[in-house]
Amino acid sequence: MKRNRRPAEPAEHPKKPESAGVSISRRGFVTGAGATGLAVAASPLALFAGDASAPPADGTPEQIHLTWGEDPTSTVFVSWASLAQAVNPRVILEHSPTAEKTIHAIQRSYTDGLNGQTVFTYHARLEGLKAGSTYRYAVTAGNDRNRAQPFSAAFQTAPRGRAPFRWTSYGDLATPVTSWVLSSPQSRHAVRAVEQFQPLFHLLNGDLCYANLNPAAQPAVWADFANNVQLSAANRPWMPCPGNHEIEFHNGAQGFDSYLTRFALPHNNTQFPGLWYRFKVGSALFISLSADDVIYQDSGAFVAGPAPLQPAPSTGNAPLAPGSSLYVHGYSGGAQTRWLEETLAAASKDLEIDWIIVQMHQDALSSSKNGNGSDKGLRESWLPLFDKYGVDLVLCGHDHDYERSWPVRGCNHNVGRDAATGATVDTCQPNPVMTAEPPDGKFDTGRGAIHLILGGGGTSAPLNAYGINSANGQPQARVITRANRPVPGSVTGTFTKGSADALEDAIWSARRNTITGYGIGVFDLDPGAAHGKTSITIRYYHARGADTVPTSNYEIFETVVLAKYRRDLRHDAES
Ligand SMILES: [Fe+2]
Ligand SMILES: [Fe+2]
């Protein structure tokens, strides 16, 4: 295996085949060549069979990224994509200094329902790995242009048992290619920030690349996102959850076909594989959820008009009329919530689990003024389960800012008001169990869950303005308590969707970052000693000034410590 080949820089794409002496960039290839060019990409085998003199279709791996399998101590997926269908796609794993093993990858593909491009992705399941070990691997295929020196990198498996480890998180990343809607150069710095902190893994909490805001070129946006992310995700697992901008027209019943094709994730044994999952690292259980299933907000794919959205003729898909939206509220028919309760109930009895951390995209507790706000659907469907089974930490994005809640448990009824009429509304206002810093500086999340909004990955739209109740100067939140389906706009033929319909005092809001919307959460879990306390130290770093000039400089904004007794102590007390 060739060593020392650094992961490709995000901007570096494998050389594209040339046509008539003209080199066509990926963007030109996709948006300029239209359906004809895409058809070439979708038919690599025809090139092999029909014209011996033609160059082989390009199966060079790109967009290389890692995810955990069900057990992060022993199973890791290596995933990638190639411009055309790969021949014999495989990973070569160095499992001892002198021995290599070849793992063949399975192919997933989908054809984008709007522009007709077929996307090929590959997933190799590396299993039987040793815990807490470093492995080097290479990714290649029979039609890999870099076959002589394939891409290689190294990763680390999770430690077994109670052990210290670090993870990082943010959401709302976008791509560095500024011609895409909501993309920003900051997304490149954000990926490098993960590498700077060297976590065991990264949680990417939804709104990955906003492909659905670029409907004519969704696969190209995904490719730019994944080639940017590769700089880090080829070295350590990036564990995603779907956000509202992963919902795409004509790409599956819920619009998640692109997302699901690209990520190999732990199974959940339901008919919705890949959309929610759990995994355990050390003494922490991580639960990743698909919040679009329970939120009221309609924030997926949407045609604002006045023109309809016209899919490429090759797709055979019908135009989407102005006002169309892909609203997936309730899509699992309760399956996800049942799975969540079963998972939490089991975790609450597992004496090896000290911490339960939830990742989901949308916010139950957000006082953003210019973003989305809080969603009552989450408060009704999942917060009672978080309370019942002792979830410690909830990591979200969606609003492109940073906000931390006090530990919350239970809720106060009928204390909100309608944003238009002032009438009383039941927003299920979360109840803070404390509203001051703890005397010893350490929060006991055994009393209530802390919610963090980490929505400052790298979009072009930071949203770090927050609501204030003008009557008392205290934080105020906007709350979505009902579906905001499209309604006719002020211009004929256009449609719009309402924003949050209710207001409440954000008595649960502990800290809001007004300086910048960009940042990264860094979490260090200390398992502590037997019969003692365990802790998680949260350091939130923000990219001051990134709102005007993209920057690689992430500075500390605040440090928060969570501490609680280990479960093994409770075990001793009970036994
Ligand atoms: Fe977002
Ligand atoms: Fe979002």
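Residues are numbered from 1 along each chain as its sequence is written, and chains are lettered from A and ligands numbered from 1 in the order in which they are written. Because the model is predicted, local features need pLDDT of at least 70 and side-chain atom pairs count only at pLDDT 80 or more, whereas totals for chains, interfaces and linings use all residues; side-chain values use heavy atoms, with hydrogens and water left out.

## Core and buried serine

The largest nonpolar core holds 133 residues, and Y137, W167 and F386 are the members that touch the most others. Such a core is a set of buried Ala, Val, Leu, Ile, Met, Phe, Trp, Tyr and Cys residues joined through side-chain atoms within 4.5 Å, where buried means under 20% relative accessible area, exposed means over 50%, and partly exposed lies in between (1.4 Å probe, protein chains only). Helix α5 (residues 218-233) supplies the largest share of this core, namely eight residues; helices (H or I, at least four residues) and strands (E, at least two) are DSSP runs numbered from the N terminus. Apart from its neighbours within four places in sequence, W167 has contacts (heavy atoms within 4.5 Å) with residues including P199, F201, F286, I357, L393, V522, F523 and I536.

S366 is found in the loop between β16 (355-359) and β17 (374-375), and at 0% relative accessibility S366 counts as buried. A polar atom of the S366 side chain lies 3.3 Å from the backbone nitrogen of S368. With neighbours within four places in sequence again set aside, S366 is in contact with G373, S374, D399, E403, I453, A477, R478 and W508.

## The four-stranded sheet

Four strands form an open sheet in the order β6-β5-β9-β10, with antiparallel pairing, two strands being counted as paired if DSSP finds at least two bridges between them. Its edge strands, β6 (99-104) and β10 (151-156), each pair on one side only, and the twist averages 30° from one strand to the next. Within the sheet, β5 (residues 90-96) and β9 (residues 134-140) are joined in the antiparallel sense over five bridges, and L93 stands opposite Y137 in β9. Y137 is also one of the residues that touch the most other members of the largest nonpolar core.

## Salt bridges

Side chains of opposite charge can pair when their charged atoms come close. The whole structure contains 21 salt bridges, each defined as a side-chain nitrogen of Lys or Arg within 4 Å of a carboxyl oxygen of Asp or Glu; three of them are set out below.

| Salt bridge | N to O distance | Relative accessible area |
|---|---|---|
| R125 and E127 | 2.7 Å | R125 33%, E127 44% |
| E341 and K388 | 3.3 Å | E341 27%, K388 57% |
| R544 and E555 | 3.2 Å | R544 46%, E555 30% |

E341 forms a salt bridge with K388, and since E341 lies in helix α7 (residues 335-348) and K388 in helix α9 (residues 383-389), the pair ties together parts that are 47 residues apart in sequence. In this pair E341 is partly exposed, whereas K388 is exposed.

R544 forms a salt bridge with E555; R544 lies in the loop between β32 (533-542) and β33 (555-565) and E555 in strand β33, so the pair ties together parts that are 11 residues apart in sequence. Salt bridges that share partners also join R404, E437, R511 and E558 into one network.

Technical notes:
Polar contact = N/O pair within 3.5 Å; in protein donor to acceptor, adjacent residues only side chain to side chain. Axes fitted to C-alpha atoms, helices over the stretch in contact; angles between N-to-C directions.
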